Amino acid sequence: MSTSTEISAPAGREPTADGPDRSTPATRPKPGSRRDRVAYLFLAPWFVGLLLLTAGPLLGSLYLSFTKFNLLQPPAWTGFGNYLKMFTDDPRYLQSLKVTFIYVVLTVPLQLGFALAVAVMLNRPLRGMAWYRSIYYIPSLLGGSVAIAVIWGQLFDDDGVLNSFLAFFGVAGRSWISSPDTALYTLVLLNIWQFGSPMVIFLAGLKQIPQELYDAASVDGASSWRRFRSVTVPLLTPIIFFNVVLQIIQAFQAFTPAYVVSGGSGGPSDSTLFYTLYLYQQGFTNLNMGYASAMAWVLLLIIATFTLINFGLARRWVYYEDR
Amino acid sequence: MTTLQHTPTDRRRARRWLTHLALIAGTLVMVYPLLWMAGGSFKDEKDIFSQLNPFPSSLDPRNYIAGWTATDPTFTRFYINSLLIAVLAVAGNVIACTLTAYAFARLEFRGKKVFFGIMLGSIMLPAHALLIPQYVLFFNLGWVNTYLPLVVPNFLATDAFFIFLMVQFIRTIPRTLDEAAMIDGCGKVRIFSRIILPLTGPVLITTMIFTFIWTYNDFFAQLIYLSYPSSETVPVALRRFVDATGDSSYGQLLAMSVLSLVPTFIVFLLAQRRIVEGIATTGLKG
């Protein structure tokens with residue numbers, strides 16, 4: 001962060017531009033000075049938002065998580081009751097955790113794998129490359145919408161397209177959406193289908209890798225697989241890391257597809273009961289808002305833990321050129 | 001023309017063809033669901049599921065006309081709601097985020113580092129952790145079933161990601177411009193409105209595009225805050241359409257699904273390059 005030279009700085013002092021603020025306490029403007037007031041004026045909307053819509057609610061939900069609260073009556077303190085109930089007396093909660101973990105563990109690597117593979121294919125002087133990129137990207141743009149979730153339900157239904165396709169080869173289909181064994185996997189597929197935006201990010205990263213490195217590797221007799229493993233992957237690790245962090249955070253919060261495909265129930269047999277869907281049911285269907293707040297805080301901690309683990313592990317495998 | 005001898009050029013050409021073949025096969029898989037939806041919206045009820053071929057025999061707009069007016073109020077209302085919310089959200093983000101970003105990028109004030117850290121931290125915060133108290137607040141203000149809970153937060157710069165994006169951008173604008181204006185007697189407000197704001201064009205457009213797409217496609221907040229039929233947006237109405245029509249009118253459902261994607265698609269066509277660049281350089285979720 002750079003600091004601009006203060007016009008009011010005493011004459012004869014060295015200008016301190018682009019360095020830390022080295023002015024002595026005597027010359028530093030007092031709190032409530034004009035300089036501060038102008039800045040705070042610019043920040044006024046953000047301050048209000050921070051207070052009322054971010055920091056306030058964050059602490060508010062922490063408080064509510066220790067209460068029983070139904071929106072209409074004042075919250076009643078229950079200590080760790082909500083947290084205790086979640087892990088000892090609520091099979092649906094544990095089910096929602098399980099479903100969400102399976103979803104994250106399956107979608108993140110598969111989606112990023114596809115994204116990287118297609119990005120590598122497109123990162124060549126190829127006719128129509130821009131077209132391919134657009135077409136592969138479009139599902140990612142539209143995929144989060146209710147419309148696509150609606151369509152997905154139809155594609156994998158009893159008389160859906162997948163079964164017609166299987167019947168063509170004489171394979172007997174089933175209702176993929178209404179079977180508890182397969183419903184979650186159709187949603188996993190829906191998320192993998194949206195590999196377009198990590199693909200675009202990979203593509204941008206691949207373009208940064210200098211061609212000389214590939215040429216040098218070729219001269220040394222490296223096969224294309226070897227070049228991928230020893231040149232592409234190491235130089236791309238910062239971007240792989242970035243995508244992993246982002247996708248994990250997003251996958252934990254998936255909601256729309258499960259809600260739309262299951263009609264809000266998380267069914268069949270709670271097999272698509274995503275964490276956020278159960279949170280929604282508790283908070284807004286049953287008005288257990290204290291319980292929902294406790295769930296939100298556990299989700300926050302889970303996501304924070306995963307992100308910290310990611311950053312911790314990053315030192316072992318992410319390669320930064322300038323280090 | 002063909003020789004049995006495989007020269008390196010031959011092999012490269014064969015490889016290129018294989019790449020194209022794989023990419024085209026992939027393309028078909030990727031667009032099939034979309035084609036199926038678009039084609040089905042023009043088909044008879046009985047043909048939608050029985051035909052694998054996504055292309056309809058004729059472009060009969062019947063399903064579109066029937067679907068548009070199948071609900072009460074009609075989809076006209078839902079589109080007005082959706083587009084109004086999206087436009088207001090865009091305006092809010094543009095105004096509030098630029099003001100905030102300018103302060104963080106150019107002004108000096110007490111607590112700057114701390115506040116900047118808080119702002120960055122809030123980007124990663126999952127919305128669910130704030131959800132219940134925000135709902136309680138809006139409920140007590142009597143804002144449930146109005147647009148306000150969906151657009152007022154944008155006017156209070158809660159989309160911190162865009163602040164960050166703009167701070168990064170404003171830092172690349174040469175400070176000599178500010179200093180020249182200051183010598184000419186401009187205050188911070190005039191520097192902001194005359195120098196910085198006009199130069200933030202590209203990042204403003206990125207902000208507008210993504211705010212529009214995200215707000216238009218958002219479902220969770222709209223589901224929670226809008227429950228009167230007259231206040232519903234397109235995604236919420238579409239979702240209710242599934243329940244209301246049940247198994248009876250898939251053609252209409254597909255037609256309305258197609259239409260609901262049109263605004264996003266138009267934005268994509270108009271701003272394709274910028275969207276791709278925005279994702280590539282900042283990791284925005286598309």
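**View 1. F78(B) and the residues it touches.** Leaving aside residues up to four places away in sequence, F78(B) touches E232(B), T233(B), V234(B) and A237(B); two residues are in contact if their C-beta atoms, placed from the backbone, lie within 7 Å. This is a predicted model, where local features need pLDDT of at least 70, side-chain atom pairs count only at pLDDT 80 or more, and totals for chains, interfaces and linings use all residues. Residues are numbered from 1 along each chain as its sequence is written, with chains lettered from A and ligands numbered from 1 in the order in which they are written. F78(B) sits in helix 4 (residues 75–106) of chain B; helices here are DSSP runs of H or I, at least four residues long, numbered from the N terminus. F78(B) counts as buried because it has 26 C-beta neighbours inside 10 Å, the cut-offs being 20 or more other C-beta atoms within 10 Å for buried, 12 or fewer for exposed, and partly exposed in between. Its C-alpha is 7.6 Å from that of S230(B), 152 residues apart along the chain.

**View 2. Helix 11 of chain B, residues 201–217.** From first C-alpha to last, this 17-residue helix reaches 24 Å, close to the 24 Å expected at 1.5 Å a residue (1.5 Å times one less than the number of residues). Because 12 of its 17 residues are buried, helix 11 of chain B is largely enclosed by the rest of the structure. Among the buried ones are V203(B), L204(B), M208(B), F210(B), F212(B) and Y216(B).

**View 3. Where chain A meets chain B.** Chain A puts 75 residues into the contact and chain B puts in 64 residues. On the chain A side, helix 1 (residues 34–64) gives the most, with 21 residues.

Terms used:
Helices (H or I, at least four residues) and strands (E, at least two) are DSSP runs, numbered from the N terminus.
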